[in-house]
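Hi everyone, thanks for making time.

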Amino acid sequence: MIEFENVTKTYPDGTTAIENVSFSVEAGTTTVLVGPSGCGKTTTMKLVNRLEDPTDGTVSVDGTDNRELDEIDLRRNTGYVIQEIGLFDHRTVGENIATVPKLVGWDDERIDERVRELLDLMDLSRGFRDQYPSELSGGQRQRVGVARALAADPDVLLMDEPFGALDPITRDRLQNEFLDIQERINTTILFVTHDIDEALKMGDRIAIFDVGEVVQYDTPQAILDDPKNEFVADFIGEDRSFKRLDITPVTEVMGPPDGEYAAAIDGNTDATTATDGGSSYDGEALSPDDSVKAALDRLLRSDAPALPVVENGEVIGVVADEHIRASFGRRSDARQGAT
Ligand SMILES: Nc1ncnc2c1ncn2[C@@H]1O[C@H](COP(=O)(O)OP(=O)(O)OP(=O)(O)O)[C@@H](O)[C@H]1O
Ligand SMILES: [Mg+2]
């Protein structure tokens, strides 16, 4: 776990980049720092692996003030994707990715295997391995930067706008890829972006920065449900409800597949083709990972009044307009009641 306690950082020229910042990143989760340019995000990152030290307050890793940790160990154990990519230009892509594994003494065979694995993972052709960073596009270089940071399976991963230079389609794919990786590895991730949609998508928790301070630190859901002040509300934007629909899985709003919906679903259930002996659903359906936004989009384009949610061929629920309204309406009622 990484913990910031009342941290202030003033640079030698007198610029105070952050003031009295406190938040913690739980082990194995992703915390996203989001905010406008110059608000202190990169500075906050650098305080974790001691590229900078705080002027006041403490940054601790697993309960120990990081100034008491061995600096070399700390850096080796902390993958860092820096904002300007920062590849070594005189080293090949393969050598760049192998930097930390080499440093910590992996044998050549293991390094070789790991480099290939990471090139595949980042969707980079294996042919790039012997090329130099200058021969790659900006987006490709960025992916090499991510591969290099992941190479030695660090416990902590600092990612400063890692997907900033990518086109929207590639960014979306890499974000999804990364969410998958994150589920498989147990890395504690601090992720910086200025894009609120990316923050909502990637973060278990989000720290919203205004100049030099954290104005709200919460889960994506809580930030959308209850922005703390006008700055946060403005930062999220007008389409708050859409963003909420986008990060809520259908399983949170779906109703039981019975009553008026049972008949429609039965029509698409084919008991004879089922492999598991039960019935299998073969009509238009949603999967449990689909967002409510995706469900709404499908409902608007479909003739059906409701869509079943199907997992492993089995109908586990249904989503109709009423479920979406009921679920999202309830929250706004509760909020009005509270104020
Ligand atoms: N080495 C430095 N010396 C003096 N001031 C600095 C230094 N590094 C950053 N700053 C200042 O600290 C403030 C925060 O900078 P920082 O790089 O942390 O912002 P950021 O949130 O990462 O911005 P961006 O989104 O543009 O990357 C800025 O005012 C910046 O000018
Ligand atoms: Mg920055």
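Let's start with the ligand. Ligand 1 has 13 residues around it, and the closest are Y11, A17, S37, T42 and T43. Keep in mind that this is a predicted model. What kinds of residues make up that shell around ligand 1? Eight are polar, three are nonpolar and two are charged. And which element gives the largest share of the shell? That would be helix α1, residues 41-48, which supplies three residues.

Okay, on to the sheet. Six strands make an open sheet with mixed pairing, and the order runs β6-β7-β8-β3-β9-β10. Look at the edges: β6 (78-81) and β10 (213-218) each have a single partner strand, so one side of each has no neighbour in the sheet. On average, neighbouring strands here are turned by 15 degrees against each other, ignoring direction.

Now zoom in on one pair. Strands β3 (residues 30-34) and β8 (residues 188-193) run parallel and share five bridges. If you want one to find on screen, take L33, whose bridge partner in β8 is V192. There's also a helix packing on this sheet: α6, residues 138-150, touches β6 and β7 (156-160). The direction of α6 makes about 175 degrees with that of β6.

Finally, zoom out. The protein chain is assigned domain 1 (2-247) and domain 2 (250-326). Their centres, taken over C-alpha atoms, are 37 Å apart. How many residues of each domain are in contact with the other? Four of domain 1 with four of domain 2. On the domain 1 side, three of those are nonpolar, one is charged and none is polar.

Key
Residues are numbered from 1 along each chain as its sequence is written. Chains are lettered from A and ligands numbered from 1 in the order in which they are written. This is a predicted model: local features need pLDDT of at least 70, side-chain atom pairs count only at pLDDT 80 or more; totals for chains, interfaces and linings use all residues. Domain bounds come from an automatic or database domain assignment. Two residues are in contact if their C-beta atoms, placed from the backbone, lie within 7 Å. Ala, Val, Leu, Ile, Met, Phe, Trp, Tyr, Cys and Pro count as nonpolar, Asp, Glu, Lys and Arg as charged, and the others, Gly among them, as polar. A residue is near a molecule or strand if its C-beta atom, placed from the backbone, lies within 6 Å of it. Helices (H or I, at least four residues) and strands (E, at least two) are DSSP runs, numbered from the N terminus. Two strands pair if DSSP finds at least two bridges between them. Axes are lines fitted to C-alpha atoms, for helices over the stretch in contact, and angles run from 0 to 180 degrees between N-to-C directions.
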